[in-house]
Amino acid sequence: MAYTDRDTYGMYKNKNYGKEGKGPGPRLMGADTLIGEDVYNTRDEDLGDIKEIMLDMNNGKIAYAVLSFGGLMGMGDKLFAVPWSALTLDTENKRFILNVDKERLDSAPGFNKDDWPDMADTSWQNTINSYYGTKTYTESSRMKQPTDSPDTPYEQTPYTTTQTSGKDSGRIR
């Protein structure tokens, strides 16, 4: 089922969806509309579907998507934590793309629905990210934050550049 079918609020049914400045997507998507989304690989093989999206509640970032793969009619499915950065949204076919062969996914570190791993464990995160060739969601978005304080003169803050032309910027000093 495509995300347009799970669109409770009609945000993707709008005729202007995806056009610049019109509607939320596809750069911003409702998490609920992505649950159940199909996942294919670049060979157009069906790899399963998204069962859950795991959010890091401390920093508000998406950590992983939980992918269900294998089994029959939902029975015997194996679950996989796939780094969010390993997934690409295919808006044309309304599905995700995961660049991994079926055989490689079958041997990926997974778990069953009754025995979830500690997804906040950094050792476990490193194993998963190493397997998919991605950085952890905390690494990939780490940016050095500017350091200044209320006592730092404006000219010395990381938010400005010093003028070298000698011209006055018009600021009151």
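**Figure 1. Surroundings of Leu 98 in the predicted model.** Apart from neighbours within four places in sequence, Leu 98 is in contact with Val 39, Tyr 40, Asn 41, Thr 42, Leu 47, Leu 67, Val 82, Ala 86, Leu 87 and Tyr 132. Leu 98 is also listed among the residues with the most contacts inside the largest nonpolar core.

**Figure 2. The largest nonpolar core.** This core holds 30 residues. Those with the most contacts inside the core are Val 39, Phe 80, Val 82, Leu 87, Leu 98, Leu 105 and Tyr 132. At least two core residues come from each of β2, β3 (61-69), β4 (78-83), β6 and α3 (122-132). Strand β3 gives the largest share, six residues.

**Figure 3. Salt-bridge network of Asp 44, Asp 90 and Arg 95.** Asp 44 pairs with Arg 95 in a salt bridge whose closest N and O atoms are 2.6 Å apart. This pair links distant parts of the chain, with Asp 44 in the loop between β1 and β2 and Arg 95 in strand β6, 51 residues apart. A salt bridge also joins the side chains of Asp 90 and Arg 95, at 3.5 Å from N to O. Through shared partners, the salt bridges connect Asp 44, Asp 90 and Arg 95 into one network. The relative accessible area of Asp 44 is 48%, so this residue is partly exposed. Arg 95 counts as buried at 14% relative accessibility, and Asp 90 is buried as well, with a relative accessible area of 16%.

**Figure 4. Asp 90 and its contacts.** Asp 90 belongs to strand β5 (residues 87-90). With neighbours within four places in sequence left aside, Asp 90 is in contact with Arg 95, Phe 96 and Ile 97. Of these contact partners, Arg 95 is the salt-bridge partner of Asp 90, while Phe 96 is buried, with a relative accessible area of 4%.

**Figure 5. Salt bridge between Asp 101 and Arg 43.** The two side chains meet at 3.6 Å, N to O. The pair links distant parts of the chain: Asp 101 is in the loop between β6 (95-98) and α2 (102-106), Arg 43 is in the loop between β1 (38-40) and β2 (46-56), and the two are 58 residues apart. Asp 101 has 32% relative accessibility and counts as partly exposed. Arg 43, with a relative accessible area of 54%, is exposed because the value is over 50%. The count for the structure is four salt bridges.

**Figure 6. Arginines over tyrosine rings.** The charged end of Arg 95 sits over the ring of Tyr 40, 4.1 Å from the ring centre. Arg 95 also takes part in the network with Asp 44 and Asp 90. In a further case, Arg 104 lies over the face of Tyr 131, at 3.9 Å from the ring centre.

**Figure 7. Aromatic pair Tyr 64 and Trp 124.** Five aromatic pairs are found in a search of the whole structure. In the pair of Tyr 64 and Trp 124, the ring centres are 5.4 Å apart and the planes stand at 70 degrees, so the pair is edge-to-face. Tyr 64 lies in strand β3 and Trp 124 in helix α3, so the pair ties together parts 60 residues apart in sequence. Tyr 64 is buried, with a relative accessible area of 1%, and Trp 124 counts as buried at 16% relative accessibility.

**Figure 8. Aromatic pair Trp 84 and Phe 96.** The ring centres of Trp 84 and Phe 96 are 5.6 Å apart and the planes are at 70 degrees, so the pair is edge-to-face. Trp 84 is in the loop between β4 and β5 and Phe 96 is in strand β6, 12 residues apart. Trp 84 is partly exposed, with a relative accessible area of 23%, whereas Phe 96 is buried at 4%.

**Figure 9. Positive phi at Asp 44 and Lys 94.** Asp 44 is not a glycine, yet has a positive phi of about 65 degrees. Asp 44 lies in the loop between β1 and β2. Lys 94, in the loop between β5 and β6, also has a positive phi, near 55 degrees. At 30% relative accessibility, Lys 94 counts as partly exposed.

Technical notes. Residues numbered from 1 in each chain as written. Predicted model: local features only at pLDDT ≥ 70, side-chain atom pairs only at ≥ 80, totals over all residues. Heavy atoms only, no water. Helix = DSSP H or I, 4+ residues; strand = E, 2+ residues; numbered from the N terminus. Buried < 20%, exposed > 50% of the residue type's maximum accessible area, 1.4 Å probe, protein only. Core = buried A, V, L, I, M, F, W, Y, C linked by side-chain atoms within 4.5 Å. Contact = heavy atoms within 4.5 Å. Phe/Tyr/Trp six-rings, centres within 6.5 Å; stacked < 30°, edge-to-face > 60°. Lys NZ or Arg CZ within 6 Å of the ring centre and 35° of its normal.
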